[in-house]
Amino acid sequence: MKTKLLIKIVETRFLVGFLGEKKQEAWWDSTFLSSSSKAFLAPIYPNSYTFAQYSGVCRAASNVHDNYIGIGRHYHLYRLSDSIEQMIEKYIKSADLSTIVYQFLSSREIAMDRLEELGTESIEIVEGPFSIGNYSNQKLESLLNVSRSHYINAIRSGYKTFPYMRC
């Protein structure tokens with residue numbers, strides 16, 4: 001898998017995670033990416049608090065997605081195939097994620113702009129959980145763009161959406 005795609009997945013997770021947190025859209029009840037979270041996480045994770053923020057918001061978002069979608073023969077933004085999750089974890093542990101966190105997560109508008117910059121598709125508005133297609137490594141970037149588009153529309157229009165891919 002290309003590093004560019006891994007970066008897009010991580011950025012998308014951060015951005016959607018931030019926008020879904022309690023202080024933004026309140027899709028999940030967490031504040032891992034709030035401006036005050038560093039004060040709480042840095043003493044516990046002095047060398048890896050950004051990774052702790054990422055892990056926390058991904059877990060919160062994944063739990064909500066799983067509650068709406070269910071767990072089974074499908075993937076979503078916060079739960080991909082084991083091989084891809086392993087590549088993402090390896091990348092995250094070696095990358096400096098603080099530039100993503102502090103550059104793009106300072107406001108709702110900046111986060112939304114960055115989500116759009118990462119790539120979107122023209123889509124219909126769909127609320128709640130729904131399939132965006134069948135998962136394959138070859139189609140992952142396109143499916144990621146579709147997911148991003150659904151999240152953008154939902155946030156702008158004030159509803160919740162949980163796109164998933166069938167295995």
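Residues are numbered from 1 along each chain as its sequence is written, and side-chain values use heavy atoms, with hydrogens and water left out. Since the model is predicted, local features need pLDDT of at least 70 and side-chain atom pairs count only at pLDDT 80 or more, while totals for chains, interfaces and linings use all residues.

## Nonpolar core

A nonpolar core is taken here as a set of buried Ala, Val, Leu, Ile, Met, Phe, Trp, Tyr and Cys residues joined through side-chain atoms within 4.5 Å. Buried stands for under 20% relative accessible area, exposed for over 50%, and partly exposed for values in between (1.4 Å probe, protein chains only). The largest nonpolar core has 50 residues, and Phe14, Trp28 and Ile88 have the most contacts inside it. At least two of its residues come from each of α1 (3-20), α3 (49-69), α4 (82-94), α5 (98-104), α6 (108-117), β2 (128-134), α7 and β3 (161-166). The element that gives the most to this core is α1, with nine residues. Helices (H or I, at least four residues) and strands (E, at least two) are DSSP runs, numbered from the N terminus. In soluble globular proteins, nonpolar side chains tend to be buried together.

## Aromatic pairs

Rings of Phe, Tyr and Trp (its six-membered ring) pair if their centres lie within 6.5 Å; planes under 30 degrees apart count as stacked, over 60 as edge-to-face and the rest as tilted. The whole structure contains seven aromatic pairs. One of them joins Trp27 and Tyr151 in a tilted arrangement, with 6.3 Å between centres and 45 degrees between planes. Trp27 is in the loop between α1 and α2 and Tyr151 is in helix α7, so this pair links parts of the chain 124 residues apart. Both Trp27 and Tyr151 are buried.

Trp28 and Tyr78 form an edge-to-face pair, because their ring centres are 6.2 Å apart and their planes stand at 75 degrees. Trp28 lies in the loop between α1 and α2, and Tyr78 in the loop between β1 (74-76) and α4, so the pair ties together parts 50 residues apart in sequence. Trp28 counts as buried at 2% relative accessibility, and Tyr78 is buried with a relative accessible area of 6%. Ring pairs link Trp27, Trp28, Tyr68, Tyr78, Tyr151 and Phe162 into a cluster.

## Selected residues

Contact means heavy atoms within 4.5 Å. Leaving aside neighbours within four places in sequence, Trp28 is in contact with residues including Val16, Gly20, Glu21, Lys22, Val57, Ala60 and Tyr78.

Ser30 also belongs to the loop between α1 and α2, and at 5% relative accessibility Ser30 counts as buried. Not counting residues up to four places away in sequence, Ser30 touches Glu21, Lys22, Val57 and Ala60.

Val146 is found in helix α7 (residues 140-157) and is buried, with a relative accessible area of 15%. The C-alpha atoms of Val146 and Gly133, 13 residues apart along the chain, are separated by 9.7 Å.

## Pockets and cavity

On a 1 Å grid over the protein atoms alone, a cavity is a set of points where a 1.4 Å probe fits but cannot get out, and a pocket is an open set with protein on both sides within 12 Å along at least five of seven lines; lining residues have an atom within 4 Å of a point. Grid points are joined across faces, edges and corners, and a volume is the space filled by probe spheres set on the points. In the classes below, Ala, Val, Leu, Ile, Met, Phe, Trp, Tyr, Cys and Pro count as nonpolar, Asp, Glu, Lys and Arg as charged, and the others, Gly among them, as polar.

| Space | Volume | Lining by class |
|---|---|---|
| Largest pocket | about 390 Å³ | seven nonpolar, three polar, five charged residues |
| Second largest pocket | about 230 Å³ | five nonpolar, eight polar, three charged residues |
| Largest cavity | about 50 Å³ | seven nonpolar, two polar, no charged residues |

The largest pocket has a volume of about 390 Å³. Of the 15 residues that line this pocket, Arg13, Cys58, Arg59, Tyr78 and Glu85 are the closest to its centre. The helix that gives the most to the lining of the largest pocket is α3, with six residues.

In the second largest pocket, with about 230 Å³ of space, the closest to the centre of the 16 lining residues are Phe18, Leu33, Ser34, Ser35 and Leu105. Helices α2 (37-41) and α5 each supply at least two residues of that lining.

The structure holds one cavity of 30 Å³ or more. The largest cavity is lined by Ile9, His76, Leu77, Leu80, Leu140, Leu143, Leu144, Ser147 and Met165, and α7 supplies the largest share of this lining, four residues.
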